[in-house]
Amino acid sequence: MIVVAGEALIDLVPQGTGALAGLKPALGGGPYNTALALGRLGSPTAFCSRVSYDAFGEALLDGLQEAGVDVTAVQRGKEPTTLAVATIDTHGSAAYSFYVDGTADRLFTVPTELPAGTRAISFGTCSLVLEPGASAYEELMRTAAAQGVFTALDPNIRAGLIPDADAYRARFKSWLPSVSLLKLSEEDALWLGGTPREWLAAGPAAVVITHGGDGLTAFTRDGAVHPVPGEKVEVVDTIGAGDTVNAALLHGLSGRDALSPEALAGLGADGWAQLLGFAARAAAITCSRAGAEPPYAAELA
C-alpha cells in the first residue's frame with residue numbers, strides 16, 4: 001500500500017482568455033492528483049486527508065474511488081472545500097490563487113495508525129504550509145519515517161501561501177532527515193535554495209528534479225547523476241504533471257521492490273533510466289489533455 005497524505009481541493013480552470021473567462025471546476029490538489037494517478041496506474045493506494053462533506057468533497061472522494069483508491073483513512077468535516085483559481089499562460093503553464101480560510105483540509109489531525117500494509121507515504125504542496133494541519137502532516141511524516149516507512153516529499157511551492165519564506169526554507173531543511181525520496185521542480189529548487197548534494201547529505205537517498213519539457217534528473221548519494229530527456233508532446237496545460245511524476249516514480253519503485261533507501265542505492269544507471277523515462281512518458285500524457293488527467297496503466301504499456 002502506498003499512502004498519499006495531503007490536501008484535496010477544487011481547481012477552477014479558465015475556459016477562455018481574460019480576467020472574466022468562465023471557470024470550470026476540476027478535481028485537484030497535488031497530493032490528490034498523486035493518489036489519483038497511482039490508482040490509475042494500478043498501485044494499491046490509500047488517501048489520508050480531511051475532506052469536506054459539501055458537494056465538492058463528495059466529488060473528490062468519488063474521483064478517488066473510481067480510480068480504486070482506498071479512502072477509509074480520509075477524515076471529514078463540515079467546513080467548505082479549498083478552492084484554487086488557475087491561470088494558464090500561453091505555454092500551458094498554470095499559476096494559482098487560493099481560497100483557504102476556514103476550509104476542511106486545514107483541520108487534519110494525526111491518525112492513530114496508517115493503513116495496513118503501508119510501504120510508502122507521500123507528502124507535499126499546500127498541506128505542509130497551512131496550519132494547523134501542516135504541523136499534523138509534519139508529525140505524521142516524522143513518525144512514519146521513524147517506523148521505517150519509505151517517505152516521499154514534493155514541496156511543490158506555492159509562494160503566495162507562504163507568509164515567511166525563510167521560516168519555510170528552514171522547516172523544509174528540518175524535514176530532510178525524514179525523507180527517502182525528494183522530488184521537486186527546477187523552479188522549486190531555485191526558490192528553496194541549496195543543491196541536490198546538500199539535500200542528499202541531509203537525509204534523502206535520492207533527489208529527482210524535473211525540468212518541464214526538458215525531462216528529469218536524478219541525483220544519488222554515490223555522486224551519480226541520471227538525466228533523462230522529456231517526451232515531446234503538444235501541451236494543453238501542465239496541471240498535474242509534477243504530481244503524475246510523483247506517482248510514476250512511486251509506482252515504478254514499488255514494481256521493482258525498491259521502496260527503501262538501500263534499494264534506491266542499487267538501482268543503477270539502467271534502472272534510473274527506465275524509471276525516469278516512465279515518469280516522463282506519464283507526465284507527457286497528462287500535459288496533452290486539459291486539467292489533471294493522469295494516464296491509466298494501459299496508456300503506458
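Over four bridges, strand β13 (residues 216-220) and β14 pair in the antiparallel sense, where two strands are said to pair if DSSP finds at least two bridges between them. Strands (E, at least two residues) and helices (H or I, at least four) are DSSP runs, numbered from the N terminus. The model is a predicted one, in which local features need pLDDT of at least 70 and side-chain atom pairs count only at pLDDT 80 or more, while totals for chains, interfaces and linings use all residues. Residues are numbered from 1 along each chain as its sequence is written, and side-chain values use heavy atoms, with hydrogens and water left out.

Within this pair, Thr-217 stands opposite Pro-227 of β14. The two strands form a hairpin with four residues between them, and Gly-223 in the turn has a positive phi of about 90 degrees. Strand β14 (residues 225-228) presents His-226 and Val-228 on a covered face, whereas Val-225 and Pro-227 lie on the uncovered one.

Strand β9 (residues 120-124) holds Ile-121, which counts as buried (under 20% relative accessible area with a 1.4 Å probe and protein chains only; exposed is over 50%, partly exposed in between), its relative accessibility being 0%. Ile-121 and Thr-45 are 76 residues apart in sequence, yet their C-alpha atoms are 9.6 Å apart in space.

The two pockets below were found on a 1 Å grid over the protein atoms alone, a pocket being an open set of points where a 1.4 Å probe fits, with protein on both sides within 12 Å along at least five of seven lines, and lining residues having an atom within 4 Å of a point. A volume is the space filled by probe spheres set on the points. Of the residue classes, Ala, Val, Leu, Ile, Met, Phe, Trp, Tyr, Cys and Pro are nonpolar, Asp, Glu, Lys and Arg charged, and the others, Gly among them, polar.

| Pocket | Volume | Lining | Classes in the lining |
|---|---|---|---|
| Largest pocket | about 1,200 Å³ | 50 residues | 21 nonpolar, 18 polar, eleven charged residues |
| Second largest pocket | about 610 Å³ | 33 residues | 19 nonpolar, eight polar, six charged residues |

Nearest the centre of the largest pocket lie Ser-185, Glu-187, Thr-238, Ala-241 and Gly-242. The elements that each supply at least two residues of its lining include β11 (181-185), α5 (186-192) and α7 (241-255). In the second largest pocket, the residues closest to the centre are Val-13, Pro-14, Gln-15, Lys-24 and Gly-291. Two or more lining residues come from each of β2, β3 (23-28), α1, α2 (55-66) and β7 (83-88), and β3 gives the most, with five residues.

With a disulfide taken as a pair of cysteine sulfur atoms within 2.5 Å, the count comes to zero. Cys-48 is in no disulfide, the nearest cysteine sulfur, that of Cys-126, being 16 Å away, and Cys-48 is buried at a relative accessible area of 2%. For Cys-287 the closest cysteine sulfur, also in Cys-126, is 19 Å from its own and therefore too far for a bond; Cys-287 is buried, with a relative accessible area of 11%.
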